[in-house]
Amino acid sequence: MNLQLTDDQLMLRDTAERLFRTEASADRVRAAEHTHGIDEALWKQIVDLGFHAVRVKEERGGLDMPLLDVALIAEAQGRCVAPIPYCEAIAANRLLGLLDSDQAREWSEKTLAGELVSIVPSPIAGDPVLVPWAATARAALALDGNRVVLVEGLAGPAPKNLAGAGHRLCQLSGDNAEGQMTVLASGERAAQLFRASIAEWQLLNAAALSGLARQGLKLAADYACEREQFGRLIGGYQGIAHPLADALAAVEGSQLLVWQAIWSIARQNTDAAATVAMAHWWAARSAARACATALHTFGGYGVSLEYDIQLYYRRAKAWALLAGDTQSMLDQVGERLWAGAATSLPDVGEMPLDFSLGDSAREMAEEVRAFFETHLTDELRARAHHSVDGYDEGFSRQLCAAGLRYPHWPREYGGREATPFEMAALNEVFEDYGWERITGPVTNQVAFSLMEFARPEVKEEVLGRFGRGDALACLGFSEPSSGSDIYAAKTRAVRDGDDWIINGQKIFTTAGNLASYIYLLTRTNPDVPKHKGLTIFIVPMDLPGIEIQPVYTLQDERTNITYLENVRVPDKYRLGDVDGGLAVMLKTMEMEHGGADQYRLNFYSMLANAVDWAQRTTRGGQCVIDNADSRRRLAEVAVHHEVAKVLCYRSLWASYHKVPNRSHFGPASKLFTTESYLQGAHALMDLAAPWSLFEDRHGAGHIELGYRQAIGTTIYGGTSEIMRSLVAEHGLGLPKSRS
Ligand SMILES: Cc1cc2nc3c(=O)[nH]c(=O)nc-3n(C[C@H](O)[C@H](O)[C@H](O)COP(=O)(O)OP(=O)(O)OC[C@H]3O[C@@H](n4cnc5c(N)ncnc54)[C@H](O)[C@@H]3O)c2cc1C
């Protein structure tokens, strides 16, 4: 996996951003609304710099830049809502450079010299179509059956559009056709080239929308950090901060989805065509919603023309609608994923990014799969369970012996330093086999803390037992009166000679009934601010005074309440300094907030089972998956899952490479993944009713399990509200709303 843009790409993006920041100020954007939406001087500059010809083949006088590079320019254009038809011109110019006819060559030369030719993103089939920039373009390219045509003299009613741009509704075919039409090329190859150009336009348009939305959120965040109401900055109100946090996760997902679609095309992945439609639909949806949230942040000023945010709000919708009803994109997603529909895709050129887990991860997955095939007996398969009830000590020992329980541990502790990508692949296999994925990660989280903070004899004792599969750990953070506010813990640890006496209660100690150690957050000093008087211990669960009682949840699982009464714990089990628990906790929480791929895998299983159900179930004599409405509903869930996946992968990648400014990546991935999982579960329950109410019917039972599981994922590991606060603070720079 590699999500790092190259130095050249970063430089290109900076150059484009500088250009648009200086030459597409808000004043010029406003002024362009009176000149059919275009700033001619800016367009001339774009031409002088050759930015309009970056995707034209070299032999036709262009630079033939990779599509990702050009998407970065489009993103920069979007950030400033720069008033030029950049995406349309890029797609049209490239297409003209790929067509062989004399007329195409002639027009290609004209466009290189700065003549503006637009492109019509929807096929023309009798009805009038919206021609982007018809008021200023010399001509527009369109697909008429199998003919690529160029239409001049474009005229037609101007929609009362939201961005002041000179689009026109034009009749391009049939008896009433307007304008002068020239056929540039015809036949299947010509049509394919046109369709590929439309896919290219969709990706560029999506990139521009993601840049636009990101800047809209920045304007809102800046305003929320200066505007006071009721004596406080409004950014400190969660009613303002939290919707902005949701929007940020969605918009960052949109940028990543565009990049991933380009990567999919470069890799010739089978789902590449679907990912293009996904990227466009999601960009349209997330940008419109983000800009509405951003505008709302400004209160009444937001709708006033003097404020810039309205420029973004209007374009967020208008740019996306150039291709017509955005729901048709969802139809395309469904048709391409499950109905065998295909489309031509552009040659995207070099792609340095890599959204795959990589070869070594694939090898890890194969090794784990082979292990499961060999060692998972029928008896074990029968008792597999998603909760800790599925834990099997014998199987866990076998996994340890094979180096597959904690493979990412450092070698000195018996691990093989597997990367997070290899671990993600391993977890996918566990999920495939329905094998529980709770006890391993929790014990692992504790183990890494021990490696850093425990004394040598404790490391030897505890890590040795973990590593052989002889012991598990559970997490003792939450208390009956402190959940989200974990640092308000009251469980008291008092020094007594070489020992500590601990009294208190911990709630939701998952796997406490199986664990040999509890990773315990205690209060050692009640007289200092709450964060300062905490100390962490790793406490053997067999010490006298510890009692466990079960707590059962709606998701078929057991968690526990743990009582500690006068538990005498030797000081050697203390981790870190006395009253220094915060530093130890921060490390542990970083792992917990490091990403949400474990929840994403649950989401994926639910979706895959829903698709399986839809492919095997008929309604009214028709297979559910063949019904356009059902397919669209499934497609919407699939897009959400894809956004969750890229956010989770970004988080994995960023924490592995210690990428700067990544603090909000983990919380954003958890927030988006778990909330989308929940929303998807609701949608799929409805779709699959009444079968979704039954234990199992071609996988529909998994949807019901997802419905019960998803709500829990929005709570444990930090609730969605806590994640929103973290995203708002670290991703948008808003004030803290918690003490
Ligand atoms: C199945 C399950 C397993 C768990 N496993 C473990 C475990 O192994 N170890 C462990 O220590 N804990 C565990 N937990 C506990 C979990 O981490 C807490 O439930 C969670 O942190 C929320 O705490 P709470 O339940 O006390 O709710 P509260 O913190 O009381 O929250 C109640 C509501 O108020 C909201 N809220 C709270 N504070 C704020 C705020 N500042 N701003 C806005 N809204 C706020 C919350 O988002 C929530 O909606 C588990 C929980 C569950 C359900």
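A polar contact is a pair of N or O atoms within 3.5 Å; within protein, one atom must be able to donate a hydrogen and the other to accept it. The views below come from a predicted model.

**View 1. Serine 356 and its contact with glycine 358.** The side chain of serine 356 reaches the backbone nitrogen of glycine 358 at 3.3 Å. Serine 356 sits in the loop between α12 (327-338) and α13 (359-375). Its relative accessible area is 14%, so serine 356 is buried. Beyond four places in sequence, serine 356 is in contact with Met1, Trp263 and Arg267. Isoleucine 124 lies 232 residues away along the chain from serine 356, and the two C-alpha atoms are separated by 37 Å.

**View 2. Alanine 342 in the loop between α12 and α13.** Alanine 342 has its place in this loop. Buried or exposed, what is alanine 342? Alanine 342 is exposed, because its relative accessible area of 69% is over the 50% cut-off. Alanine 272 is 70 residues from alanine 342 along the chain, yet their C-alpha atoms are separated by 9.6 Å.

**View 3. The largest nonpolar core.** This core has 186 residues. Phe20 and Leu141 have the most contacts inside it. Helix α7 (residues 188-224) supplies the largest share of the core, 21 residues. In soluble globular proteins, nonpolar side chains tend to be buried together.

View 4. The ligand is surrounded by 14 residues. Ser478, Ser484, Phe508, Thr719 and Glu721 are the closest. By class, the shell holds five nonpolar, six polar and three charged residues.

**View 5. Polar atoms facing the ligand.** The side chain of glutamate 721 has an N or O atom 2.6 Å from an oxygen atom of the ligand. A nitrogen atom of the ligand is 2.8 Å from an N or O atom in the side chain of serine 478. At phenylalanine 477, a polar backbone atom is 3.0 Å from a ligand oxygen atom. On its own the ligand has 960 Å² of accessible area, and the protein covers 67% of it.

View 6. Phenylalanine 508 is found in the loop between β11 (499-507) and β12 (517-523). Its phi is positive, at about 60°, although phenylalanine 508 is not a glycine. Phenylalanine 508 is also one of the residues closest to the ligand. Alanine 511 has its place in the loop between β11 and β12 too. What is the phi of alanine 511? The value is near 70°, again positive in a residue other than glycine. Alanine 511 is buried, because its relative accessible area of 3% is under the 20% cut-off. Most residues other than glycine have a negative phi.

**View 7. The cis peptide bond at proline 690.** The peptide bond from alanine 689 to proline 690 is cis. Omega is near 0° there. Proline 690 is found in the loop between α22 (665-687) and α23 (700-713). Most peptide bonds are trans.

**View 8. Arginine 600 in helix α20.** Arginine 600 is found in helix α20 (residues 597-616). At 3% relative accessibility, this arginine counts as buried. A polar contact of 2.9 Å joins its side chain to that of aspartate 597. Beyond four places in sequence, arginine 600 is in contact with Glu428, His641, Ala644, Lys645, Cys648, Tyr649 and Thr673.

**View 9. Arginine 650 in helix α21.** Helix α21 (residues 628-656) holds arginine 650. Relative accessibility is 8%, so arginine 650 counts as buried. Not counting residues up to four places away in sequence, arginine 650 touches Leu3, Glu252, Leu256, His664, Phe665 and Ala668.

Methods:
Residues numbered from 1 in each chain as written. Predicted model: local features only at pLDDT ≥ 70, side-chain atom pairs only at ≥ 80, totals over all residues. Heavy atoms only, no water. Core = buried A, V, L, I, M, F, W, Y, C linked by side-chain atoms within 4.5 Å. Buried < 20%, exposed > 50% of the residue type's maximum accessible area, 1.4 Å probe, protein only. Helix = DSSP H or I, 4+ residues; strand = E, 2+ residues; numbered from the N terminus. Near = heavy atom within 4 Å. Areas by Shrake-Rupley, 256 points an atom, 1.4 Å probe, with all protein chains shown as cover. Nonpolar A, V, L, I, M, F, W, Y, C, P; charged D, E, K, R; others polar. Contact = heavy atoms within 4.5 Å.
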